[in-house]
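Welcome, and thanks for taking a look at this one with us. Here is a short briefing to read alongside the model.

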Amino acid sequence: MGMRILIADDHEIVRRVLRLIIEARPNVEVIEAVNGREAVDKAAALAPDVVILDVFMPILNGTDAAKEIKKFLPHVPILLLSMYDQEQLRDELCHVDVQGFIQKIDAMSKLPQALDAVEVDLAAAPR
(Lines give C-alpha, C1' and ligand atoms only; values in the text may rest on other atoms or scores of the structure.)
Protein backbone atom coordinates (compact mmCIF):
# COMPACT_ATOMS: atom_id res chain seq x y z
CA MET A 1 0.00 0.00 0.00
CA GLY A 2 1.34 3.42 -0.93
CA MET A 3 1.45 6.70 0.88
CA ARG A 4 -0.83 9.57 -0.17
CA ILE A 5 0.82 12.97 0.29
CA LEU A 6 -0.93 16.32 -0.04
CA ILE A 7 1.30 19.28 -0.91
CA ALA A 8 0.00 22.85 -0.81
CA ASP A 9 1.94 25.82 -2.10
CA ASP A 10 0.79 28.80 -4.14
CA HIS A 11 3.88 28.69 -6.39
CA GLU A 12 3.68 26.15 -9.21
CA ILE A 13 7.47 25.73 -9.45
CA VAL A 14 7.67 24.85 -5.75
CA ARG A 15 4.88 22.28 -6.14
CA ARG A 16 6.70 20.77 -9.10
CA VAL A 17 9.97 20.48 -7.19
CA LEU A 18 8.21 18.99 -4.16
CA ARG A 19 6.42 16.52 -6.42
CA LEU A 20 9.75 15.45 -7.97
CA ILE A 21 11.31 14.94 -4.53
CA ILE A 22 8.31 12.98 -3.28
CA GLU A 23 7.80 10.89 -6.41
CA ALA A 24 11.39 9.66 -6.14
CA ARG A 25 9.99 7.44 -3.39
CA PRO A 26 8.24 4.19 -4.26
CA ASN A 27 4.48 3.85 -3.98
CA VAL A 28 3.43 7.45 -3.41
CA GLU A 29 0.50 9.43 -4.68
CA VAL A 30 0.82 13.22 -4.71
CA ILE A 31 -2.19 15.49 -4.36
CA GLU A 32 -1.67 19.21 -5.02
CA ALA A 33 -3.41 22.28 -3.66
CA VAL A 34 -2.71 25.93 -4.54
CA ASN A 35 -3.83 27.55 -1.29
CA GLY A 36 -4.71 26.71 2.29
CA ARG A 37 -8.48 26.51 1.73
CA GLU A 38 -8.03 24.03 -1.12
CA ALA A 39 -5.62 22.02 1.07
CA VAL A 40 -8.22 21.77 3.84
CA ASP A 41 -10.94 20.77 1.37
CA LYS A 42 -8.76 18.13 -0.32
CA ALA A 43 -7.57 16.78 3.04
CA ALA A 44 -11.19 16.39 4.14
CA ALA A 45 -12.20 14.68 0.90
CA LEU A 46 -9.15 12.48 0.33
CA ALA A 47 -7.68 11.78 3.81
CA PRO A 48 -3.98 11.90 2.89
CA ASP A 49 -1.36 10.10 4.99
CA VAL A 50 0.88 13.20 5.16
CA VAL A 51 0.25 16.91 4.54
CA ILE A 52 2.95 19.39 3.49
CA LEU A 53 1.91 23.05 3.71
CA ASP A 54 3.62 26.30 2.79
CA VAL A 55 3.33 28.67 5.74
CA PHE A 56 2.43 31.70 3.62
CA MET A 57 -0.37 31.05 1.10
CA PRO A 58 -3.36 33.08 -0.06
CA ILE A 59 -6.95 32.58 1.10
CA LEU A 60 -5.86 30.53 4.15
CA ASN A 61 -2.26 30.39 5.35
CA GLY A 62 -0.48 27.14 6.15
CA THR A 63 -0.63 27.43 9.92
CA ASP A 64 -4.39 28.06 9.91
CA ALA A 65 -4.88 25.26 7.36
CA ALA A 66 -2.88 22.92 9.64
CA LYS A 67 -5.12 23.79 12.59
CA GLU A 68 -8.25 23.08 10.53
CA ILE A 69 -6.89 19.80 9.16
CA LYS A 70 -5.93 18.61 12.65
CA LYS A 71 -9.58 19.03 13.73
CA PHE A 72 -10.74 16.22 11.44
CA LEU A 73 -7.45 14.35 10.83
CA PRO A 74 -5.75 14.65 14.23
CA HIS A 75 -3.23 11.87 13.65
CA VAL A 76 -2.10 12.88 10.16
CA PRO A 77 1.47 14.24 10.21
CA ILE A 78 1.81 17.78 8.91
CA LEU A 79 5.08 19.32 7.73
CA LEU A 80 5.36 23.07 7.22
CA LEU A 81 7.57 24.72 4.60
CA SER A 82 8.73 28.31 4.36
CA MET A 83 11.38 30.49 2.79
CA TYR A 84 11.99 31.85 6.28
CA ASP A 85 13.66 29.98 9.12
CA GLN A 86 11.88 28.72 12.21
CA GLU A 87 13.26 31.50 14.41
CA GLN A 88 11.75 34.14 12.12
CA LEU A 89 8.38 32.35 12.33
CA ARG A 90 8.45 31.49 16.03
CA ASP A 91 5.26 33.41 16.90
CA GLU A 92 3.42 32.02 13.86
CA LEU A 93 4.37 28.42 14.64
CA CYS A 94 4.12 28.27 18.44
CA HIS A 95 0.44 27.24 18.50
CA VAL A 96 0.46 24.75 15.63
CA ASP A 97 0.60 20.98 16.14
CA VAL A 98 2.91 19.88 13.33
CA GLN A 99 5.51 17.17 13.03
CA GLY A 100 8.17 19.23 11.32
CA PHE A 101 9.32 22.45 9.73
CA ILE A 102 11.57 22.67 6.68
CA GLN A 103 13.05 25.73 5.04
CA LYS A 104 12.38 25.61 1.30
CA ILE A 105 16.07 26.05 0.58
CA ASP A 106 16.70 22.76 2.44
CA ALA A 107 13.80 20.80 0.91
CA MET A 108 15.98 18.71 -1.42
CA SER A 109 17.95 17.24 1.47
CA LYS A 110 15.58 17.45 4.43
CA LEU A 111 12.19 16.56 2.94
CA PRO A 112 13.19 12.93 2.17
CA GLN A 113 14.52 12.58 5.75
CA ALA A 114 11.33 14.04 7.19
CA LEU A 115 9.19 11.71 5.07
CA ASP A 116 11.31 8.73 6.19
CA ALA A 117 10.65 9.66 9.83
CA VAL A 118 6.94 10.15 9.20
CA GLU A 119 6.73 6.84 7.33
CA VAL A 120 8.31 5.01 10.29
CA ASP A 121 5.81 6.69 12.64
CA LEU A 122 2.90 5.76 10.36
CA ALA A 123 4.05 2.14 10.16
CA ALA A 124 4.29 1.93 13.95
CA ALA A 125 0.90 3.55 14.61
CA PRO A 126 -1.99 1.27 15.52
CA ARG A 127 -4.61 0.93 12.79
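This is a predicted model: local features need pLDDT of at least 70, side-chain atom pairs count only at pLDDT 80 or more; totals for chains, interfaces and linings use all residues.

Two strands are said to pair if DSSP finds at least two bridges between them. The protein has 127 residues, and 43% of them count as buried.

**Overall architecture**

- Five helices and five strands make up the secondary structure of the protein.
- Following the sequence, you will read the pattern β-α-β-α-β-α-β-α-β-α.
- Of the contacts between residues at least 6 apart in sequence, 63% join residues at least 24 apart.
- The protein exposes about 7000 Å², and 54% of that area comes from carbon and sulfur atoms.

- The five strands form an open sheet in the order 2-1-3-4-5, with parallel pairing.
- Its edges are strand 2 (28-33) and strand 5 (100-103), each of which pairs on one side only.
- From one strand to the next, the twist averages 20°.

- How many residues of strand 4 are buried? Five of the five are, so this strand is largely enclosed by the rest of the structure.
- Both faces of strand 4 are covered: buried Ile 78, Leu 80 and Ser 82 lie on one side, and buried Leu 79 and Leu 81 on the other.
- Towards strand 5, Leu 80 has Phe 101 as its bridge partner.
- Strand 3 also pairs with strand 4 in the parallel sense, over four bridges.
- In that pairing, Val 51 stands opposite Ile 78 of strand 4.

**Helices lying across the sheet**

- Helix 2 (residues 36-46) lies across strand 1 (3-8), strand 2 and strand 3 (50-54), and runs at about 140° to strand 2.
- Helix 3 (residues 62-72) lies across strand 3 and strand 4, at about 155° to strand 3.

- Ile 13 belongs to helix 1 (residues 12-23), and a relative accessible area of 60% makes Ile 13 exposed, because exposed means over 50%.
- Together with Val 17 and Met 108, Ile 13 forms a nonpolar patch on the surface, with about 310 Å² of accessible area in total.
- Is Arg 15 buried or exposed? Arg 15, which also lies in helix 1, counts as buried at 9% relative accessibility, because the cut-off for buried is under 20%.
- Leaving aside residues up to four places away in sequence, Arg 15 touches Ile 7, Asp 9, Asp 10, Glu 32, Ala 33 and Val 34.

**Loop residues with positive phi**

- Ala 47 sits in the loop between helix 2 and strand 3; its phi is near 45°, a positive value in a residue other than glycine.
- With 43% relative accessibility, Ala 47 counts as partly exposed.
- Where would you look for Ile 59? Ile 59 is in the loop between strand 3 and helix 3, and its phi, near 70°, is likewise positive in a residue other than glycine.
- Ile 59 is exposed, with a relative accessible area of 67%.

How values were computed
Residues are numbered from 1 along each chain as its sequence is written. Side-chain values use heavy atoms; hydrogens and water are left out. Patches are made of residues with over 30% relative accessible area and no salt bridge: like charges are joined within 9 Å, nonpolar side chains (Val, Leu, Ile, Met, Phe, Trp, Tyr) within 5 Å. Accessible areas come from the Shrake-Rupley method with a 1.4 Å probe; for residues, only the protein chains shown count as cover. A salt bridge is a side-chain nitrogen of Lys or Arg within 4 Å of a carboxyl oxygen of Asp or Glu. Helices (H or I, at least four residues) and strands (E, at least two) are DSSP runs, numbered from the N terminus. Buried means under 20% relative accessible area, exposed over 50%, partly exposed in between (1.4 Å probe, protein chains only). Contact means heavy atoms within 4.5 Å. Axes are lines fitted to C-alpha atoms, for helices over the stretch in contact, and angles run from 0 to 180 degrees between N-to-C directions.
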